[in-house]
Amino acid sequence: MKTLRTLMSLSVLAVMFSCTKSNSASEGYLTFSVETDEVIEDVTKGNVSDLTALPSKNDFILDVKDASGSSFWSGKVSEWDPSTKVPFGEYTVNAVYGDLNEEGFDKPYFEGSKKFFIQGTERTAVSVNASLANTAIRISCTENLKNYYSDYAFRLERGNSVIATFPKGETKAAFVDGYKVTVAGTLTTSGGVQKTFSKEYTNLNVATVYNVIFDIANVGGGSITISFNDKVETVQLDDVELND
């Protein structure tokens, strides 16, 4: 009987050890990092840091989902606890900074995603490459236009909303959702005559800065040329009717 009890005890211990080993082998650990890809398309290659400050990795929001699409964890990179046990399996992490619906100066939106696997008790280091996911627009004027018009201001609009205003001399870039945006402006001659225009653009590329350059098209100043990343078109100006 004593021998039987001893054998049963050893069997229980063996089962407990097997379960412990199996459970520990099905959980692992994670560390996260986010790398900001700041290269953007331009007439020549450029960097987001030429237009605005870049986010740090701790500014990114992570959303970790399992293979079924259920959220396992979400929060800032700095809030992740590396001692958290993660069950064995396949996961996807999405990293975002900013909001695509928030547009204007210094409003870049970055996003990126990465699939990874948790195997055994090893620690998995996951690095996500996040790229600019909205569009930058920068406005400038030629010396000819500056000499002809004493004052001018430009706007980026959509519907009845103004996204960003570029007063005379503004050189910063505005970040927008490039699916649709209208470039509008008001120009004032040295004689005080105001003229306006508007031009809509659609399906602009993400991770791209569009350089919009204004110039006068003729001596009379009845039209201007708009160079939109080297594509030049002439736009007629409308006189502003002033009430007495």
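Here are legends for a few close-up views of this predicted model.

**View 1. Zooming in on β18 and β19.** Strand β18 (residues 223-228) pairs with β19 in the antiparallel sense, and six bridges join the two. Look for phenylalanine 228, whose bridge partner in β19 is lysine 231.

**View 2. Phenylalanine 60 meets phenylalanine 110, one of 15 aromatic pairs found in the whole structure.** Phenylalanine 60 comes from the loop between β3 (46-47) and β4 (61-66), while phenylalanine 110 belongs to strand β9 (residues 110-118), so the pair ties together parts 50 residues apart in sequence. Phenylalanine 60 is buried, at a relative accessible area of 0%, and phenylalanine 110 is buried too, with a value of 0%.

**View 3. A stacked pair: phenylalanine 154 and phenylalanine 214.** Here the ring centres lie 4.2 Å apart and the planes are at 0°, so the pair counts as stacked. It's another link between distant parts of the chain, with phenylalanine 154 in strand β12 (residues 149-158) and phenylalanine 214 in strand β17 (residues 209-216), 60 residues apart. Both phenylalanine 154 and phenylalanine 214 are buried.

**View 4. An aromatic cluster.** Ring pairs connect Phe32, Phe72, Trp73, Trp80, Tyr91 and Phe116.

Technical notes:
Residues numbered from 1 in each chain as written. Predicted model: local features only at pLDDT ≥ 70, side-chain atom pairs only at ≥ 80, totals over all residues. Heavy atoms only, no water. Pairing = 2+ DSSP bridges. Helix = DSSP H or I, 4+ residues; strand = E, 2+ residues; numbered from the N terminus. Phe/Tyr/Trp six-rings, centres within 6.5 Å; stacked < 30°, edge-to-face > 60°. Buried < 20%, exposed > 50% of the residue type's maximum accessible area, 1.4 Å probe, protein only.
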